[in-house]
Amino acid sequence: MNTRVIKINPENPEIDLVVEAAEVLKNGGLVAFPTETVYGLGGNGLDTDACKKIYEAKGRPSDNPLILHISQFSELRSIVREIPPMGEKLMEAFWPGPLTMVFPKADVVPLSVTGGLDTVAVRFPTHPVALAIIRASGLPIAGPSANSSGKPSPTRASHVEFDLSGKIDMIVDGGASHWGLESTIVDVSGEVPVILRPGAITKEMMEDIVGEVQIDPAILSKPTKDLKPKAPGMKYTHYSPKAEVTMVSGDADSVVKTINELVANHHKEGKTVGVMATEETKALYQGDYVFSLGNREDFEEIGANLYKHLRKFDFYEVDFVYAEVFAEEGEGLAIMNRLQKAAGYRRLDV
Ligand code: TXA
Ligand code: MG
């Protein structure tokens, strides 16, 4: 398949290009498009065949459900069975935006979308390109991250091209995604909202609106037989580059010293080493590829750069990566959740 790549104005998308992309979706094809979190791989969310194509293109296990993307509030009623009051409050506060909510699903939503679950995840993005394409298609659009399964989510069109070129109909290039980490997922189908995946909309932000919010305890530790994440996709060793990634924690000086010792040892064996540093520390490391995620306190910048850097380590065929860690609070929780998965929970405390 020949994948068309079209450049679009991210703030003010050209209507003819939007219509072209929407036509592909209406005809059962697949279109990757930018959202404010990461690029999504869109297909008709009510069409079992289109959803099958999404799973095939990504190489995604079929028990891992897709998110349905909408472009106006009124679309929600047709795809969910019920909108609990706390869900209503959260959507008023945070939609459109980087929040996905899990509701009891309506019958029209195929089980092939929900991985056989009785619930459906719904997101109302704020990116002008995503909104315009979804609206023009007139459909709820199934949209997983537009990466090959197991790779870091794409935050640029070039990442999508690298993973999915030849496997999908179209890639709409609208520049870099703003947040760079996938949306927060909150399950509002039970008594208390439960965060299944941390993201830019934090626990504290939601608690201000609805009171108690819980976090799926499986989010920050290695999944075990008894501790399985409630979002099926969170159980996979996701987001990982080919290199062996290790997080290194401790006081700043010891972290730098330890990583440089490890780099020296790997160099003796002829290995290539990458370091995921911060602005404050990048000049102190001796790795072959030292990338700064941003200022240590700037979680927005760090989140936006994480996947880009993980992909670069792949590109440079690095054998080992050492990464600094961050506080697991606010948006730091989302960063650490993704970093832990990239590292397969490998961590060195010094
Ligand atoms: O920011 C995002 O959410 C991006 C952009 C493109 O919108 N999309 C995204 O989709 O990250 P995906 O498919 O890569 O991740 C969706 C996650 C998976 O971990 C999946 O298991 C979980 O949502 N999920 C989907 N439906 C669910 C449901 N009914 N119950 C629990 N988890 C669900
Ligand atoms: Mg994904």
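Pro10 lies in the loop between β1 (4-7) and α1 (15-26). Helices (H or I, at least four residues) and strands (E, at least two) are DSSP runs, numbered from the N terminus. Pro10 counts as partly exposed because its relative accessibility is 28%. The cut-offs are these: buried means under 20% relative accessible area, exposed means over 50%, and partly exposed is in between (1.4 Å probe, protein chains only). Accessible areas come from the Shrake-Rupley method with a 1.4 Å probe, and for residues only the protein chains shown count as cover. Pro10 and Phe313 are 303 residues apart along the chain, and their C-alpha atoms are separated by 28 Å.

This is a predicted model, in which local features need pLDDT of at least 70 and side-chain atom pairs count only at pLDDT 80 or more, while totals for chains, interfaces and linings use all residues. Residues are numbered from 1 along each chain as its sequence is written, chains are lettered from A and ligands numbered from 1 in the order in which they are written, and side-chain values use heavy atoms, with hydrogens and water left out.

Now turn to the ligand. What is the largest pocket? The space taken by ligand 1 is the largest pocket. A pocket is defined on a 1 Å grid over the protein atoms alone, as an open set of points with protein on both sides within 12 Å along at least five of seven lines; a cavity is a set of points where a 1.4 Å probe fits but cannot get out, and lining residues have an atom within 4 Å of a point. A molecule sits in a cavity or pocket if more than half of its atoms lie within 2 Å of its grid points.

Strand β6 gives the largest share, four residues. In total, 30 residues surround ligand 1. The closest are Thr37, Asn64, His69, Ser183 and Gly233. A residue is near a molecule if one of its heavy atoms lies within 4 Å of it. The shell divides into 15 nonpolar, ten polar and five charged residues. Here Ala, Val, Leu, Ile, Met, Phe, Trp, Tyr, Cys and Pro count as nonpolar, Asp, Glu, Lys and Arg as charged, and the others, Gly among them, as polar.

Some atoms of the shell can be picked out one by one. A polar side-chain atom of Ser145 lies 2.9 Å from an oxygen atom of ligand 1. Arg197 also places a polar side-chain atom 2.9 Å from an oxygen atom of ligand 1. With Gly233 the backbone takes part: one of its polar backbone atoms is 2.6 Å from an oxygen atom of ligand 1. Taken alone, ligand 1 exposes 680 Å², and the protein buries 97% of that.

Next comes the loop between β7 (141-142) and α7 (157-164), where Thr155 is found. Is Thr155 buried or exposed? Thr155 counts as buried because its relative accessibility is 0%. Its side chain makes a polar contact with the side chain of Arg156 (3.1 Å). A polar contact is a pair of N or O atoms within 3.5 Å; within protein, one must be able to donate a hydrogen and the other to accept it, and residues adjacent in sequence count only if both atoms are side-chain atoms. Gly143 is found in the loop between β7 and α7 as well. Gly143 is buried, with a relative accessible area of 8%. Gly143 and His69 are 74 residues apart in sequence, and 6.5 Å apart in space, C-alpha to C-alpha.

Other loops hold backbone features. Pro96 is found in the loop between α4 and β5. The peptide bond from Trp95 to Pro96 is cis, with omega near -10 degrees. Glu317 sits in the loop between α10 (299-315) and β15 (320-324). Phi of Glu317 is near 50 degrees, a positive value in a residue other than glycine. Glu317 is exposed, at 61% relative accessible area. Tyr345, in the loop between α11 (332-342) and β16 (347-349), has a positive phi of about 70 degrees although it is not a glycine.

The tour ends in helix α11. Asn337 is found there, and is buried, with a relative accessible area of 1%. A polar atom of the Asn337 side chain lies 2.9 Å from the backbone oxygen of Ile219. Arg338 lies in helix α11 too. Arg338 is buried, with a relative accessible area of 0%.
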